[in-house]
Amino acid sequence: MSESHSTTNLAEAGVPVMENRHNLPVKVFALRKQLYVKAKQEPGFRFYALYDRIYRADVLGAAWALVRANAGAPGVDGVSIEDILRRPEGAEGFVEEIRQSLINRTYKPQAVRRVEIPKSNGKTRPLGIPTVRDRVVQTAAKLILEPIFEADFLDCSHGYRPGRSAHGAMQQVRKGLSEGKLEVYEADLQGYFDSIPHDKLMKAVEQRISDGSVLRLIRQWLRAPIQEPGDKHTPPRNRKPDKGTPQGGVISPLLANIYLHWFDRAFYGSSGPGSFAKAILVRYADDLVILSRYQSKRLSDWAERILESRLGLILNREKTKVTNLMCPREGFDFLGFTVRRNLDRHFDSGKCYIHIEPSKKSCQRMRASIKEEFGKEAAWKPITMLVRQLNRKLQGWKNYFQYGQPSVRFSGMNWYVQQELYSHLARRSQRAYRPPAGKSWYRHIYQDLMVLRLTR
C-alpha cells in the first residue's frame, strides 16, 4: 500500500495525521509520517531499524535547527550555541562531528548539569541541562521515536505532545463535568521525573522498539551522571542516577509519556475505571485528574495500586484528594486553573455552569514576576524597554489563561500592573510624576506608554 493511500485511509478513519508544525525539511517530515502510519496500522509491530535514521544528515540538521531555535543554557562543558556558531567549521562541522560519532559508535553523553528552579511555595524543583551536543542527539532521536509512540498514545494524554495543549485538557475536563461526572480524584505524583524506574521504563520502550543501538542510546541518557551544583566550599560533584529521567532533557517528556501510557491504557481497559465506573481520565504529563459520578473506594484503590505498586511511583497523600463539585464553593486546581460550578446569576432557573479561571496561586506567581520587573535594575532602564519586557510577560500569561472565564482575574492583574507602574514612575522622578495635560492615568498608561491591557 502506498504512503499517500495509507495516510488517506487513516484520515478517513478519524486518526489525526501529523502536521509539519516545526517546518522540518520535507524528507524528514515524510519519514516521520511513514513511521506514524506504519505504527498506526500495525499496533504490535516492533521497529528494528531506526538507528541509521537518527544519524541521517538531514535529521541531525533538523535537530540542530530546533536546538538552536530553543536556545537554552550551556551544559557541563560550558559550550553555548553562540560558541558553536563562532567555530571555524561552524554549525555544519559540529553536526558532522556528532554524526560521525554516532556512526562509529563512539558517542557517549556527558553529565547533566542540575540547577534548582524556584517554585511559588518557596521550594525548588530540579532541572537537568544536557550539553548542546547531547541535546542535538536527543532531539534527533525524538524526531524518529515520537511519531511511533504518538500512534499509540490515547486522547486523554495532552502534555508535551504535538498539536495538544493545556487548553485541550481543560476542554476535556469541562466536557466531563458537563456530563455530570462531578466527583474529581486529583492525583499528585511526587517527583515523577526523578522517580521513574529505569527497568520498567525500558520495558515500555521495548514494546515498540527492538533496535539495540537505539535502546543503548536511551539507556546511556538515563544513566548519564548528574552534576550536582557546588558552593564556595565544595566543588560540583557527579551522581549516578539509578532511576528517573532528568526534567529538562529533550527526550525526557517523551519518555515520561511512554511510561504513563501504561496507566492510560489500563485505565480504559476492561478492568479499569473507564469501564467499571465510566470515569474519564485527563492527563497532562504527570498532572492527572479522574472524573466520575461517584468516587468509590474501588476507583481510588485501583489508581493507587497501579501508580504505586505496578509503576513504582510515589503519590503525595497530602495533595491527593477527592473534590465533589456538587457542593457549593467547592473547586479544584488543575494546570494553573481553578475549576468549579457556579450558579448562573442571569437566570432564576437554579442552573449551574462550569467556571474556569486562573487559580490564586497562578495569580500570585504572576504578581511576583511583575514585581521583579520593577526591581532595582528597572530604575536604569528606559521606560520603553521596561514596558516591552512587561508586555511580553503579560502577553504570555494572557495567551495561556484566556481559556474559560478569566475576566475578573484579568481585571485584578490590570489593577496590580497599574499600581506597580504608578509607584515605579514616582520613584524614578524627583518631582511628582503626572500624565500629560488633559490625559487620565488610564489613557496615559494604555495609550501613551502602550502597556498591554488584559482583556477576555
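Me: In what sense do strand β3 and β8 pair, and over how many bridges?
Reply: In this predicted model, strand β3, residues 183-188, pairs with β8 in the antiparallel sense, and the pairing runs over 4 bridges.

Me: Which residue in β8 is the bridge partner of Glu183?
Reply: The bridge partner of Glu183 is Asn324, which lies in β8.

Me: And what is the strand order of the open sheet?
Reply: The order is β6-β7-β3-β8, an open sheet of 4 strands with antiparallel pairing. The edge strands, each pairing on one side only, are β6 (280-284) and β8 (321-324), and the twist from one strand to the next averages 20 degrees.

Me: Which strands does helix α8 lie across?
Reply: Helix α8, residues 166-178, lies across β3, β6 and β7 (287-292), and its direction is at about 160 degrees to β6.

Me: Changing topic, how do the axes of α16 and α17 cross?
Reply: The axes of α16 (residues 383-401) and α17 (residues 407-427) come within 13 Å and cross at roughly 165 degrees. Because of that angle, α16 is roughly antiparallel to α17, and the crossing of the two helices is right-handed.

Me: Which residues meet there?
Reply: From α16 the residues are Ile383, Leu386, Leu390, Leu394, Trp397, Lys398 and Phe401, and they meet Phe410, Met413, Val417, Leu421, His424 and Leu425 of α17. By class, the residues of this contact between α16 and α17 comprise 11 nonpolar, 1 polar and 1 charged.

Conventions
Residues numbered from 1 in each chain as written. Predicted model: local features only at pLDDT ≥ 70, side-chain atom pairs only at ≥ 80, totals over all residues. Heavy atoms only, no water. Axes fitted to C-alpha atoms, helices over the stretch in contact; angles between N-to-C directions. Parallel < 35°, antiparallel > 145°, perpendicular 65-115°, else oblique. Left-handed = near helix turned anticlockwise from the far one by under 90°. Contact = heavy atoms within 4.5 Å. Nonpolar A, V, L, I, M, F, W, Y, C, P; charged D, E, K, R; others polar. Pairing = 2+ DSSP bridges.
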